[in-house]
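Subject: Handover of a structure and the findings on it

Dear colleague,

Please find below the structure that I am handing over to you. My findings follow directly after it.

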Amino acid sequence: MRLLLGALVALCLLVLAVPAPAWAHATLVSADPAAGSTVGARPDAVTLRFSEPVAPPVDVVVTGPTGQRVSVGRTTVFGDRVTERLLDEDTGSGEYSIAYQVLSDDGHVVNGSTSFTVSGHEGGPLTAQTGGGARPSVLVAGLAFLLLLMVAVTGAARVAEAVHD
Ligand SMILES: [Cu+2]
């Protein structure tokens, strides 16, 4: 058993060690809004998170549904996070694309793109989901309280009855 465990650990270490050079430069880990997601309203900024810290020159261009540029060119780099401010005005609903180019720690330029959709309905699918998730728990808590109250009242009534008898 111990030998098998040792072999497994060795195998895991080997698997982890082999692709290590491929991780040497930054890759996009997540985006806000998330890739392929639908949001109710367009945010004021988009954030990209990379697998390692990135450095300028950083270029992030956000394009709106009609192909118009909605990023204002004010990019903030903070470690592995890159934030790009968007125009204040309403730029409509539809698909938005985020094209990026960053400089990795290892000197490699990494570029790519991700996209998200703005539904235009404030409190769209995302908000509706969280709202719907919160309500049943409140309901359950209410029901539990009611049940406890009923048990207490019944119990008190029984005690009162017993005393009466
Ligand atoms: Cu690299």
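I begin with a hairpin in this predicted model. Strands β5 and β6 form that hairpin, with two residues between them. In the turn, G79 has a positive phi of about 65°. Strand β5 covers residues 71-78 and strand β6 covers residues 81-86; the two run antiparallel and are joined by five bridges. T76 stands opposite T83 in β6, and V77 has V82 in β6 as its bridge partner.

Strand β6 also pairs with strand β3, which spans residues 45-50. This pairing is likewise antiparallel and extends over five bridges. Within it, R81 in β6 is the bridge partner of R49.

These pairings belong to an open sheet of four strands, whose order is β1-β3-β6-β5 and whose pairing is antiparallel. The edges of this sheet are taken by β1 and β5; each has a single partner strand, so one side of each is left without a neighbour in the sheet. From one strand to the next, the twist averages 20°.

Strand β1 consists of residues 28-32 and contains V29. Is V29 buried or exposed? V29 counts as exposed, because it has 12 C-beta neighbours inside 10 Å, and a residue with 12 or fewer falls in that class. Leaving aside residues up to four places away in sequence, V29 touches R49, F50 and S51. One of these, R49, is the residue bridged to R81 in β6. As for L48, it is 19 residues from V29 in sequence, while the C-alpha to C-alpha distance between the two is 7.8 Å.

There is also an open sheet of four strands with the order β2-β8-β7-β4, in which the pairing is mixed. Here β2 (38-39) and β4 (55-63) stand at the edges; each has a single partner strand, so one side of each lacks a neighbour in the sheet. Strands β7 and β8, residues 94-103 and 109-118 respectively, pair in the antiparallel sense over 10 bridges. Among the residues involved, Y100 has G112 in β8 as its bridge partner.

Finally, some figures for the protein chain as a whole. Its secondary structure comes to two helices and eight strands. Read from the N terminus on, the elements follow the order α-β-β-β-β-β-β-β-β-α. The protein chain has 165 residues, of which 14% are buried. Of the contacts with a separation of 6 or more, 61% are between residues 24 or more positions apart.

Yours sincerely

Note on methods. Residues are numbered from 1 along each chain as its sequence is written. This is a predicted model: local features need pLDDT of at least 70, side-chain atom pairs count only at pLDDT 80 or more; totals for chains, interfaces and linings use all residues. A residue is buried if 20 or more other C-beta atoms lie within 10 Å of its own, exposed if 12 or fewer, and partly exposed in between; C-beta atoms are placed from the backbone. Two residues are in contact if their C-beta atoms, placed from the backbone, lie within 7 Å. Two strands pair if DSSP finds at least two bridges between them. Axes are lines fitted to C-alpha atoms, for helices over the stretch in contact, and angles run from 0 to 180 degrees between N-to-C directions.
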